[in-house]
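Please open the structure in your viewer and keep the sequence beside it.

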Amino acid sequence: QVQLVESGGGLVQPGGSLRLSCAASGNIFRLLFMAWYRQAPGKQRELVASITSSDTTNYADNVKGRFTISRDNAKNTVYLQMNSLKPEDTAVYYCNARGMNSAMTSYNYWGQGTQVTVSS
């Protein structure tokens, strides 16, 4: 089992910043891929940003230049720095972790989600 604990969500005004964190623990063994997704009311869950174990990153077009994903391998933690936030960034943000456990079985886990609300 892998546990993901997210933190850092909240209410922020347009143009403001937030930093989300997601710490992974348990039978991680090889944590190959971590990502942030988001889901707004009435919409499908969408990929926001991802990062591989070799630090290759990928961003959704609508967050490029505003959001930065990073990871601390020693802490098995992924971060999402969100700047210049817009009301349309309002959503529940979910952390996703994929890898191989010590039994060499692949895994794909989700965090519980953290609410981000951008509003004046």
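What percentage of the 120 residues in the protein is made up of buried residues? Buried residues make up 42% of them, where buried means under 20% relative accessible area, with a 1.4 Å probe and protein chains only. Before going on, note that this is a predicted model, in which local features need pLDDT of at least 70 and side-chain atom pairs count only at pLDDT 80 or more, while totals for chains, interfaces and linings use all residues. Residues are numbered from 1 along each chain as its sequence is written, and side-chain values use heavy atoms, with hydrogens and water left out.

Next, show the whole protein as a cartoon. There you will find 11 strands and 0 helices, where strands (E, at least two residues) and helices (H or I, at least four) are DSSP runs, numbered from the N terminus. Along its principal axes, the C-alpha trace spans about 50 × 25 × 25 Å.

Now select C22 and C95 and display their side chains. These two residues form a disulfide, with their sulfur atoms 2.1 Å apart; the term stands for a pair of cysteine sulfur atoms within 2.5 Å. C22 lies in strand β3 (residues 18–26) and C95 in strand β9 (residues 91–100), so the link ties together parts that are 73 residues apart in sequence. Looking along the S-S bond of C22 and C95, you will find a left-handed link, with -80 degrees about that bond. Both C22 and C95 are buried, and a search of the whole structure finds 1 disulfide.

Definitions and conventions. Buried means under 20% relative accessible area, exposed over 50%, partly exposed in between (1.4 Å probe, protein chains only).
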